Amino acid sequence: MRTSRDAPTRRIRAAVVGTGAIAAGSHLPALAALAAEGGLEVVAAVDVDTGAVQRFCADGGVPHGYTDLGRMLAEQRPDLVCICTPPTLHREQTVAALRAGAWVWCEKPPVPSLADFDAVEAEEGQEDDGGPYASIVFQHRFGSGARHVRRLIADGALGRPLVAHCQTTWYRDAAYYAVPWRGRWDTEGGGPAMGHGIHQTDLLLDLLGPWSEVRAMAGRLVHDVQTEDVSTALVRFGGGALATVVNSVLSPDEVSRIRIDCERATVELTHLYGHGNDNWRITPAPGVPAGEAAAWRDFGPDVPSSHLAQLRELVASMRAGQRPRSSGADGRTSLELVTALYKSAFTDTTVRAGDIGPGDPFYTALHGGAPGWAPAPATYEEASA
Ligand SMILES: NC(=O)c1ccc[n+]([C@@H]2O[C@H](COP(=O)([O-])OP(=O)(O)OC[C@H]3O[C@@H](n4cnc5c(N)ncnc54)[C@H](O)[C@@H]3O)[C@@H](O)[C@H]2O)c1
C-alpha cells in the first residue's frame with residue numbers, strides 16, 4: 001500500500017537502483033552535486049550484482065549497499081529512488097518505490113509499453129496530494145537552450161511552427177548487438193525509435209506540444225535484430241505543423257538534430273549526446289528587426305542539458321509537493337508517439353493520438369504481435385531448455 005508522505009523540508013534521502021554505467025556516470029555525479037549544496041544525501045544503492053554495488057558504494061561514498069530492493073526500501077525509507085536498471089525492470093521497481101512512499105526518477109525508455117506506463121501512473125499520488133510521483137529521465141529537455149527556445153515558441157515570438165525535422169541518426173556496430181539482450185523486444189524494449197531516438201522525439205514534443213497523427217516505416221537493413229534498425233515517420237502536430245522523425249543505428253556520420261521552421265525564424269539544435277547554448281542556432285526570417293533577432297540569440301548563462309539540470313528541477317518539485325515535469329501525461333507523450341510509430345509502420349496505417357488503448361495489441365507490446373516483427377513463438381526445445 002502506498003503511504004503518502006509530506007514533501008521533505010529536511011535533506012532529501014536518495015537511493016540508486018542499478019549501479020551500472022548510467023548510475024555511475026550520470027546519476028551519482030548529479031546527486032553528489034546537490035549533496036554538496038546541502039539539500040540531499042545518497043543513503044543507499046541496490047544491485048543484484050554484489051561486486052557492482054560494493055564498488056559503487058565505495059567509489060561514491062554511499063553508506064549502505066543492498067542486493068534486494070524491497071529490503072532497502074523498508075530499512076532506508078528513501079524520499080527519492082533513481083532507477084537505473086534495464087527497461088524491463090522499470091515498471092515493477094517504480095511501483096515498489098512508489099508504494100513505499102518514495103518519489104521516483106526512472107531512466108528512459110520509461111517502461112516497455114503504454115499498459116505498463118498506465119499501471120505505474122495508477123500508483124502515483126493524485127494531482128493535489130503532493131505525490132509521490134514518478135518522473136522519467138529525459139535530460140535533453142532541460143538546460144538553458146531548451147528552456148529558452150521552448151519559451152520563444154510558447155510565447156509566439158517566432159510565429160507559428162510550420163515544419164520540423166527530428167533526427168537521431170547514430171551508428172552501432174555488430175559488437176554492440178552481439179550483447180544478448182540488445183536488439184530484442186523483451187529485453188531492450190525496442191529498436192532505435194525507442195532506445196536511442198526517444199530523447200530527441202521527447203524534446204521535439206516538449207517544444208512543439210501535442211502531436212495528432214503519424215505515418216511511419218521501419219526497416220531491418222544491417223543488423224541481425226528482432227527490432228528495427230531504422231525508422232522514418234511523418235508526424236502532424238495539433239497546432240498544424242508537420243515533422244519528419246528519423247531514427248537509425250546505421251549512420252556513419254552520427255548526429256542528433258532538431259530543426260523547426262517557424263513563421264519568423266528557423267531554430268536548429270545540432271549535437272550528439274547533450275547540448276549547451278552553442279549547439280543552438282536561430283536564423284531570423286527576412287524582415288525581422290535585427291534587435292529582436294539579437295534578443296532571441298541571447299540564451300543567458302549556459303546550463304547544458306544534463307541529469308543535474310533535470311534533477312535540480314525534480315528536487316524543487318519535491319520540495320513544493322508538485323507533480324514534476326516528465327511525469328504523468330507529460331512523461332507519457334513520447335512513449336505514445338513511439339508506440340504509434342511502430343503500429344503505423346507494422347500495420348501500414350495512419351495512427352492518431354489516443355487511438356492505442358486497452359484491447360489494442362500495441363497497447364501491451366510495441367511489436368503489437370505484427371507478422372514479421374513480433375518474436376517468433378518459442379519452439380518446444382527452446383521453451384524447455
Ligand atoms: N539518459 C540517458 O542518456 C541514458 C544513457 C544510457 C543508458 N540509459 C538508460 O539507463 C538504463 C540502464 O542502462 P546502463 O547503460 O546503465 O546499463 P548497465 O547494464 O550498465 O547497468 C544496469 C545495472 O542494473 C543492474 N541490475 C540488473 N537487474 C537488477 C535488479 N533486478 N535490481 C537491481 N539492479 C539490477 C545490473 O547488474 C547493472 O549493474 C537503461 O534504461 C538505459 O536505457 C539512459
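Predicted model: local features only at pLDDT ≥ 70, side-chain atom pairs only at ≥ 80, totals over all residues.
Which helix gives the most to the shell around the ligand? Helix H1 (residues 21–36) does, with three residues. Local features are described at pLDDT of at least 70 and side-chain atom pairs at pLDDT 80 or more, while totals for chains, interfaces and linings use all residues. Residue numbers start from 1 along each chain as its sequence is written.

View 1. The ligand is surrounded by 22 residues, where a residue is near a molecule if its C-beta atom, placed from the backbone, lies within 6 Å of it. Gly18, Gly20, Ala21, Ile22 and Glu107 are the closest. Sorted by class, the shell holds 13 nonpolar, five polar and four charged residues. Here Ala, Val, Leu, Ile, Met, Phe, Trp, Tyr, Cys and Pro count as nonpolar, Asp, Glu, Lys and Arg as charged, and the others, Gly among them, as polar. Helices (H or I, at least four residues) and strands (E, at least two) are DSSP runs, numbered from the N terminus.

**View 2. The largest nonpolar core.** This core has 100 residues, and Ala15, Val104 and Leu341 have the most contacts inside it. Helix H13 (residues 328–347) gives the most to this core, with eight residues. At least three residues come from each of domain 1 (12–137) and domain 2 (146–302 + 335–364). A nonpolar core is a set of buried Ala, Val, Leu, Ile, Met, Phe, Trp, Tyr and Cys residues joined through C-beta atoms within 7 Å. Buried means 20 or more other C-beta atoms within 10 Å of a residue's own, exposed means 12 or fewer, and partly exposed lies in between, with C-beta atoms placed from the backbone. Leaving out residues up to four places away in sequence, Val104 touches Val81, Ile83, Thr94, Ala97, Leu98, Ala134 and Ser135.

**View 3. Where the two domains meet.** The domain assignment, automatic or from a database, gives domain 1 (12–137) and domain 2 (146–302 + 335–364). Their centres, taken over C-alpha atoms, are 27 Å apart. Eleven residues from domain 1 and 14 residues from domain 2 make the contact, which is counted when C-beta atoms, placed from the backbone, lie within 7 Å. On the domain 1 side, eight of these residues are nonpolar, two polar and one charged.

**View 4. An open sheet of eight strands.** The strand order is S13-S12-S11-S7-S10-S9-S8-S14, with mixed pairing; two strands pair if DSSP finds at least two bridges between them. Strand S13 (280–284) and strand S14 (351–352) are the edges, each pairing on one side only. Strand S9 (residues 230–237) and strand S10 (residues 242–248) run antiparallel and are joined by seven bridges. Look for Ala233, whose bridge partner in S10 is Val245.

**View 5. Two cis peptide bonds.** The bond from Lys108 to Pro109 is cis, with omega near -20°. Pro109 sits in the loop between strand S5 (103–106) and helix H5 (114–121). The bond from Gly131 to Pro132 is also cis, with omega near 5°, and Pro132 lies in the loop between H5 and strand S6 (134–136).

View 6. Arg77 is not a glycine, yet its phi is positive, about 45°. This residue belongs to the loop between helix H3 (69–76) and strand S4 (80–83), and it counts as partly exposed because it has 16 C-beta neighbours inside 10 Å. Asp348, in the loop between H13 and S14, has a positive phi near 55°. With 11 C-beta neighbours inside 10 Å, Asp348 counts as exposed.

Definitions and conventions:
Contact = placed C-beta atoms within 7 Å.
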